[in-house]
Each structure stands twice: as C-alpha cells, then as structure tokens.
Amino acid sequence: MSKLKIVIISRTIYPNLAPRAYRATELAKELAKRGNHVTLYGLLGSYNYNQFIKETGVTVKNLGKSRFGNINSDSKVSSNVILRALKRIFGRFIYFPDIELIPMVRKAIRGEKNIDYLITVAVPFANHFGAALARQKYGKNIIKCWVSDCGDPFMGNPFNRYPFYFIPIEKWWCRWTDFITIPIEEAKNAYYKEFHHKIRVIPQGFDICSVKLADYRKNQLPHFAYSGNVYPYRRDPSLFLEYLCSLFDKDFRFIVYTKTPEIFQRYKSCLKEKLIINSFIPREDLLKELSRMDFLINIGNSSTVQQPSKLIDYYLTRRPILEITSSFEEREHFNEFLDGNYSHKMIEHDISQYDISRVANQFLELYQQK
C-alpha cells in the first residue's frame, strides 16, 4: 500500500488522561511509524508538542480555542459560572458545549483537502457531525475513506439520553460515513439496524511492548484497587464501601484512582487509612501501580452495549479481577478474594487483540475495503 495522507480528529489527545485521547494518539503514532503522513487534531491547550512531534513523526494541529468550556488536551478547562449553568440547563437539548466542535472539525477538514483516510473519534459525536458537514458540503472526493470511531454510542446510550430530534442527525451522520468502528460486538445493538453493514469491531489499542509492570509480591495486608470514574445508581460503589466499613476485624488497603471522588470521600472518615483516594495518573504509572495489587475491582455497567475501557488496563496488569455490581451481591466472592482465593476472578483475555500493531492493521484493512 502506498503511503497515505491520514487525518485523525479527537477532542483531546496526549497528554490528556482519557480513553479517547489514548485511542487517537496511539493510533496516530502507529500509523506514522509505518511511513504514512499522519496529522492529529485536538483542542491542544498550552501543551508544547515539539518533543512529541520529533519522537513520533506525527503532525499535531489545533482544532481551535474553546469558548464554551470544552476540555483541552492539557486537561485544562476554560469555564465559568455562566458556562457551567448553560451546560446544566441546555447540555442535553443542544449538545452543549460539544456543539462548539462541529464548525471546528469542518474547518479543519476543509483546510486539509484531499484526505486519503479520515478517522474521527467520539465521544463527543460532534467530531462525527462536523466531518459529515464537510463531506456533504465538499463532496466525497475530499475524503477517500472516512471511519467514525465510537467509544460509547450516541442515541443508544442508556445512561445519557438525548431528545428525539437528534435521531435524524445521527442517521444523517451514519449515511455519510463509510464505516463505524465500535470496541465490542454487543455495542452494535445501540445503532440503527439499517447501518449495521457499516459497523466493524476494533478494540482499544496500546503499545503492549512498552508496558512495564512491577515485580509482584504478595502484600502483607490485602491491597486492592479500583481505577475509573463512578456514577450514582449506575456504576456506584456505595454499597461496596458500606460493606468495607462493616469489616472492623479486617485490615486492608483499598486504593482508588478517579476523577469523581465524591462518593468515595463520604466513606473516608469511616475507613480512614484503609481507603486511599488518588486522582488519575499517567497510564504507564497507573499500570505499574495496579500490578502491585493483590487484586483489582471492576464495577460492571448495567448496560450491555458498553464496557469500561479500563478493563484493558486491568488485563494488562495480569492481576486477578473481581467484578462487582452496584447492588453488591458479590460479598461471598469478595471475602474469598480477601483470603487470597481468586477462583471467581474474571476470565482472562487474550491481550494480543489490544496490540496497537494489530489494531492499526484492522483500520488499514478498512481503507483497502473502501
């Protein structure tokens, strides 16, 4: 295959600590490594990309400056009381503040011209909508092949319902894109059947060879960890934390890495040193820390069309994983884990499917199909 002009558009990219930022950045690096001309767009913020560009060969360009309070790739948000109020009031109804990205994406594509391969990454779906506008306006010749990569679904997302008038907008985007990529087969049910022929399953990809794990040794006290965000009533650790508070005769350390610490903080006074709450840390550091744990906790989604991307990180650490539900009906299994019995751990996965080289091959195969 001749070298391609590839454009990848994501709201955030490296160094932002988000699954879609990882997705876009790792894919851009791997495709550039193969000699393609890769341009990676995002809301950059103030981060200096000179070293990243030198090391990866990826051209990095800024989508623009957010005025509506969208997060930048440097993890900073330009927001205020008015913008936060607008998001709370109008967020679902006019897709605020993500709607701001639609003209940015369209402008970026118009400026590039003659793109061999466009990959837009969601969330947010505004990236896809902006690309659809560009293709409708300038014709399919401007983009030879366009893949819309989706982490979570849009209208089919059971946890984030949008008004009915977004249905024709989503279908309009589906008609203009060539392919829709999703991370798991089950997610196909969250999309309209008339577009299922465009859907392909491609999991999250990482440079597995660069993963460095700790030399695990059993901890004197049971150490277990959870990494990820939590949400009341749907990925909710409250009942699990209440149970931990009842274990007066057990000593342990529960280490949490999250950007939504509020629920955990409510139980800090009860658990004291048994509960350690951290913010997110760079992925390479997180994997090393998780690999020191005796086991890991996953709080399962009640939705069958979504799967937490952190599970891939968990698999890479090669530590036993206990999956619990928000209703925490797994007390007996948790007690077994505390005693070092991991017979009810989650089934181990073949991590080779997440190798970025394999994932990049799958994306390039889509281009060849088109």
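**Stop 1: the second largest pocket**

Select the lining of the second largest pocket: its residues divide into twelve nonpolar, five polar and ten charged. Here Ala, Val, Leu, Ile, Met, Phe, Trp, Tyr, Cys and Pro count as nonpolar, Asp, Glu, Lys and Arg as charged, and the others, Gly among them, as polar. The space in this pocket comes to about 700 Å³. Next, pick out Tyr-14, Glu-26, Lys-29, Ser-210 and Glu-284, which are the closest to the pocket's centre among the 27 residues that line it. Now colour helix H1 (19–33), helix H2 (50–56) and helix H10 (283–290), the elements that each give two or more residues to this lining. Which element gives the largest share of the lining? It is H1, with seven residues.

How is such a space found? Rolling a probe the size of a water molecule over the atoms shows where empty space is left. In detail, on a 1 Å grid over the protein atoms alone, a pocket is an open set of points with protein on both sides within 12 Å along at least five of seven lines, whereas a cavity is a set of points where a 1.4 Å probe fits but cannot get out; lining residues have an atom within 4 Å of a point. Grid points are joined across faces, edges and corners, and the volume is the space filled by probe spheres set on the points.

Before you move on, note that this is a predicted model, in which local features need pLDDT of at least 70, side-chain atom pairs count only at pLDDT 80 or more, and totals for chains, interfaces and linings use all residues. Residues are numbered from 1 along each chain as its sequence is written, and side-chain values use heavy atoms, with hydrogens and water left out.

**Stop 2: the whole chain**

Zoom out and switch to a cartoon view. The protein chain has 13 helices and twelve strands; helices (H or I, at least four residues) and strands (E, at least two) are DSSP runs, numbered from the N terminus. Along the principal axes, the C-alpha atoms fill a box of roughly 70 × 45 × 40 Å. The radius of gyration of the chain is 21 Å, which agrees with the value near 21 Å for a compact globule of 370 residues. That radius is taken over C-alpha atoms, and the globule rule is 2.2 Å times the number of residues to the power 0.38.

Of the 370 residues, 53% count as buried (buried is under 20% relative accessible area, exposed over 50%, partly exposed in between, with a 1.4 Å probe and protein chains only). Among contacts (heavy atoms within 4.5 Å) between residues at least 6 apart in sequence, 72% join residues at least 24 apart.

**Stop 3**

Select helix H6, residues 167–176, where Glu-170, Trp-172, Trp-173 and Cys-174 are buried. Show what covers these buried residues, including helix H5 (126–138), strand S5 (143–150) and strand S6 (179–182).

Then step to Thr-177, in the loop between H6 and S6. Is Thr-177 buried or exposed? Thr-177 counts as buried because its relative accessibility is 1%. Leaving aside neighbours within four places in sequence, Thr-177 is in contact with Arg-135, Trp-146, Val-147, Ser-148 and Lys-198.

**Stop 4**

Most residues other than glycine have a negative phi, and most peptide bonds are trans. Go to the peptide bond from Ala-122 to Val-123: it is cis, with omega near 20 degrees. A cis peptide bond also joins Val-123 and Pro-124, with omega about 0 degrees. Pro-124 sits in the loop between S4 and H5.

Next, find Ser-75 in the loop between strand S3 (59–62) and H3. Ser-75 is not a glycine, yet its phi is positive, at about 70 degrees. Lys-113, in the loop between helix H4 (101–112) and S4, has a positive phi near 60 degrees.

**Stop 5: Leu-213**

Finish at Leu-213, in the loop between strand S7 (199–201) and strand S8 (223–227). Leu-213 counts as partly exposed because its relative accessibility is 31%. What does Leu-213 contact, leaving aside neighbours within four places in sequence? Select Leu-287, Lys-288, Ser-291, Leu-316 and Thr-317 to see.
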